[in-house]
Amino acid sequence: MTTRPLSVPQIQKTSLGFAIAWTILCGVGLHYVVNFSWMISFTDSVINNALLAIACVSISNMLGYYQPKNERILYVLVVTLALTFVIIYAAKYSLGYVFTDFKNYLDFYNFSFAFRGLISFMCLGWCALANILWYRLEEQSETQTRLLTAQSLAKEAELNKLRHQLQPHFLFNSLNSVFALTMVNPKEAGVMITKLASFLRGTLKRDDELWVSVEEEMEYIQLYLDIEKVRFSHRLKIEVNVDDETLNLCLPGTLLQPIVENAIKFGLYNTSAGITIKIDVTVEQDILNLRVQNPFDPEMKATGGTGFGLTAIKRRLYLLFANPHLLQTEIEANNLYITTLKIPQKNDQDYIN
Amino acid sequence: MIRTILIDDEPLARDIVKYYLSEHKEIEIVAECCDGFEGLKAITQYKPDLIFLDIQMPKISGFEMLELVEDKPAVIFTTAFDEFAIKAFEVNAVDYLLKPIDKTRFDLAIQKLPARLNQSENTEAVLDAAAKSPAQNNRVVVKKDGVIKIIPVADINYLEADDDYVKLSTTDGAFYKNKTMAYFEQTLDAGQFIRIHRSYIINLAQVTKIELKEKDSYVVLLKSDIWLPVSKTGYVKLKAALGL
């Protein structure tokens, strides 16, 4: 919302002072120069200038409500001219009505009529231009603020995305493991570094818009699992079964890794015993099925509060497919938690970059 | 001789600390643990002078484990990435090592150790700060009869001051925690838990009715059929929280 110039206290004060001073000046001028009585001089000045002031205020408000994009000058000119005519005729008839008996004054008024019109027109025109300038500046600063807000929002989103992609906790823990390996088992350390590098490269490449083949995605997931295996060695067992016919099917490259990460987090982080994570990839009626299974501690689930943290993944699925039922979770006996992700296969190759 | 315990869920992370410590003959590793439960047991058993403690671990976090230790040993925290914790360490001058752990930095921590062996006040301050972290403020970890229990805050009916302890009344019974009422008033969600009296904080979801007992003196009835007194200021807070 733009601020009206007349709603600013300082401008209010200045214009009021200016109007009063001008009214007094006109009255005094009429009295001494043209030798009318005080009463006539001041009534003339007050009525004329009050009308002028009303016209100024209305032109300011009018410009606040509406300003044409093109032909702005013409618009202002026409409005100013029309208002000038309205006020000078209004002044003429009201003063003529009040001072019917003062022939001298009425003669003078008719004589000075054109001059008064000119002065009113100049005043109104100046007022209109000042207002246009004011609204222009307001508009500009508003656009500036909006632009800045949009920029900072975009930056924040970008930062969040980067942080999400890099998963600092995972990264630093993995670096720590690599570091340990350089001392304990330098050969293994080399393997781990290349795996970590490939994984990071894959992560940075990933984008919601980009679909990847199951084959490519499973290689990426395997890298991730291998790294986690080094970190947790004996505690983590992994079983991956991928049907041959699914290898050429596609899925968005940002969905499976967070699900596997979740499985590891809730399977592994809540127990110090060994666990098995099972991943099955199958296809059924043109729908790709990815099933991730992890054990969990029912007591821990109750205290986790936020469930299994799949909300973000659900939201992303919804944005991609406008279908909230593609991600399903179930709890089987023996405290197994199963997450199923369904990806409808689009025959239209346009969807596959 | 300084006796120490390493508590970290990743074996390789413990290996580094072990490797670095092999140069410091004055420090002896008496145990290695891979989660907070084991850590707590080992601390009770060995009463070490120093522990190396990871923060994110299975079951309970390093902070939650430490809260349950009565005679706290000196602590050197180790963490991979936790902005919140690192800030708490810095503010309270507690030693911490960032993974991957740098050798020079590690040696410096050991060098400063003698001066820090009695730093439990600082450790307490870190724990208080950690209790406010979003990852931790939805549950309370307590110990009863040697068993560790994790209580989701939603399960707490009310809290009552009891000497040096605070009694947490839940549907599963009462638990004691060695903290102050002010501590719980600050860490629990102010929209859910209201301090209605010097000695009581209640879970808003538990309120069934409020009654006037005498002039200016109110009592509140909880779902568990317990009447609790409400102080004058407590009544104002309770009314505001219930939107009356």
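In this predicted model, helix 1 (residues 9-33) and helix 2 (residues 38-65) of chain A pack with their axes 8 Å apart, at an angle of about 145 degrees. Their crossing is right-handed. This briefing covers that pair of helices and then the nonpolar cores.

**The contact between helices 1 and 2 of chain A**

- Helix 1 of chain A contributes Ala19(A), Trp22(A), Thr23(A), Cys26(A), Gly27(A), Leu30(A) and His31(A) to the contact.
- From helix 2 of chain A, the residues taking part include Trp38(A), Phe42(A), Val46(A) and Ala53(A).
- By type, the residues of this contact divide into 8 nonpolar, 6 polar and 1 charged.
- An α-helix has 3.6 residues a turn, so residues three or four places apart point the same way.

**Helix 1 of chain A**

- Helix 1 of chain A has 25 residues and spans 36 Å from its first C-alpha to its last, close to the 36 Å expected at 1.5 Å a residue.
- Helix 1 of chain A lies largely in the open, because the number of buried residues among its 25 is 2.
- Asn35(A), which follows helix 1 of chain A, has a positive phi, near 65 degrees.

**Nonpolar cores**

- The largest nonpolar core has 97 residues, and those with the most contacts inside it include Leu256(A), Ile259(A), Ile51(B) and Phe77(B).
- Helix 7 (residues 214-232) of chain A supplies the largest share of this core, 9 residues.
- Another core, of 13 residues, lies apart from it; among its members are Leu52(A), Val76(A), Ile87(A) and Cys127(A).
- Beyond its neighbours within four places in sequence, Phe77(B) is in contact with Leu53(B), Ile55(B), Gly62(B), Phe89(B), Val94(B) and Tyr96(B).

Methods:
Residues are numbered from 1 along each chain as its sequence is written. Chains are lettered from A and ligands numbered from 1 in the order in which they are written. This is a predicted model: local features need pLDDT of at least 70, side-chain atom pairs count only at pLDDT 80 or more; totals for chains, interfaces and linings use all residues. A nonpolar core is a set of buried Ala, Val, Leu, Ile, Met, Phe, Trp, Tyr and Cys residues joined through C-beta atoms within 7 Å. A residue is buried if 20 or more other C-beta atoms lie within 10 Å of its own, exposed if 12 or fewer, and partly exposed in between; C-beta atoms are placed from the backbone. Helices (H or I, at least four residues) and strands (E, at least two) are DSSP runs, numbered from the N terminus. Two residues are in contact if their C-beta atoms, placed from the backbone, lie within 7 Å. The expected span of a helix is 1.5 Å times one less than its number of residues. Axes are lines fitted to C-alpha atoms, for helices over the stretch in contact, and angles run from 0 to 180 degrees between N-to-C directions. A crossing is left-handed if the near helix is turned anticlockwise from the far one by less than a right angle, and right-handed if clockwise. Ala, Val, Leu, Ile, Met, Phe, Trp, Tyr, Cys and Pro count as nonpolar, Asp, Glu, Lys and Arg as charged, and the others, Gly among them, as polar.
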